[in-house]
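The questions and answers below set computed values against the definitions behind the terms. Please consult the sequence and structure while reading.

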Amino acid sequence: MQWLYCDFHIHTTWSDGKYSLDNVVSLYGEAGFDVIAITDHVLDSESIKRDGRTASELQIMDSSQFGAYQEALWDAARKAWKSYSMLLLPGVELTNNTDRFHILALDIKEYISPDLSVEEIIQAIRRQQGISIACHPYFRNHSGDDPSFHLWENHERFATLFDAWEVANRDDLFNVVGLKKFNYVANSDFHEKRHLLSWKTLLQCEKNAESVKEAIRKNDRVSLFLYRGGKIRQ
Ligand code: ZN
Ligand code: ZN
């Protein structure tokens, strides 16, 4: 069976990405990727209140925009399939900077609030037959903050609750996720063009949403690759 080239963590101008949805589809489609997930940010209400700016000034999606966002993703998915035979999964990054966790929810149908607890979020994703992924669980940004500190602090408790953990995010590899034998994926956390050159996931399965989700959950036919540019397939 074929190996699929996948990236499950991509931002667009629906939140703080530099590329529009259409441009993201062209960029990944031209490169020859098989599966992508669009995962724009929604932010916890406490962080929004604390900051004082509006959702659009903060470059995040407002919960009231979620319906329109989903429709735009379905539309982009049709184009991606027609133009490039590329599967596009709708997703969202539930961003909670108050309690410090970022969670990817793939293929969900209804809005889930990032104000909920980690366990409630994972359950809500599962009820919608989606996929939950713990983001950059051991990542330190330039200021030394770890936006997913809460997930790593409680990783023993959350280990098997998530469908997968990011073993790599863009240029960073998290050895511990591999050592502890968690289910894993590798993603670019794409915000701008240079982020395309980064760690990605390979999955061996059929190219449809149910098979891809099942392959992430089973996690026995999964691998990493570092994309260096150019066409993946001739
Ligand atoms: Zn994040
Ligand atoms: Zn992200």
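This is a predicted model: local features need pLDDT of at least 70, side-chain atom pairs count only at pLDDT 80 or more; totals for chains, interfaces and linings use all residues.

**Salt bridges and a zinc site**

Q: What makes the contact between Glu-30 and Lys-231 a salt bridge?
A: Their side chains meet at 3.9 Å, N to O. A salt bridge requires a side-chain nitrogen of Lys or Arg within 4 Å of a carboxyl oxygen of Asp or Glu, so the pair qualifies. This pair links distant parts of the chain, 201 residues apart: Glu-30 belongs to helix α1 (residues 21–31), and Lys-231 to the segment after β10 (222–226). Helices (H or I, at least four residues) and strands (E, at least two) are DSSP runs numbered from the N terminus.

Q: Why is Glu-30 called partly exposed?
A: Buried means under 20% relative accessible area, exposed over 50%, and partly exposed in between (1.4 Å probe, protein chains only). Glu-30 has 45% relative accessibility and therefore counts as partly exposed.

Q: How do the accessibility classes of Asp-75 and Arg-78 follow from their values?
A: Asp-75, at 33%, counts as partly exposed, whereas Arg-78, at 54%, counts as exposed. Their side chains meet in a salt bridge of 3.4 Å, N to O. Both lie in helix α3 (residues 66–84), three residues apart, about one turn of the helix.

Q: Which residues are the protein donors of the zinc ion (ligand 2)?
A: The donors are His-9 (NE2), His-11 (NE2), Glu-93 (OE) and Asp-189 (OD), at 2.1 to 2.3 Å from the ion. Donors are N, O and S atoms within 2.8 Å of the metal (3.2 Å for Na, K and Ca); water is not among the atoms, so sites may look incomplete.

Q: Why is the site of the zinc ion (ligand 2) called irregular?
A: Angles among its four donor atoms run from 80 to 167 degrees. Four donors count as tetrahedral if all angles lie between 85 and 135 degrees; four count as square planar and six as octahedral if opposite donors are over 155 degrees apart and all others between 65 and 115; anything else is irregular. The site is therefore classed as irregular.

Terms used. Residues are numbered from 1 along each chain as its sequence is written. Chains are lettered from A and ligands numbered from 1 in the order in which they are written. Side-chain values use heavy atoms; hydrogens and water are left out.
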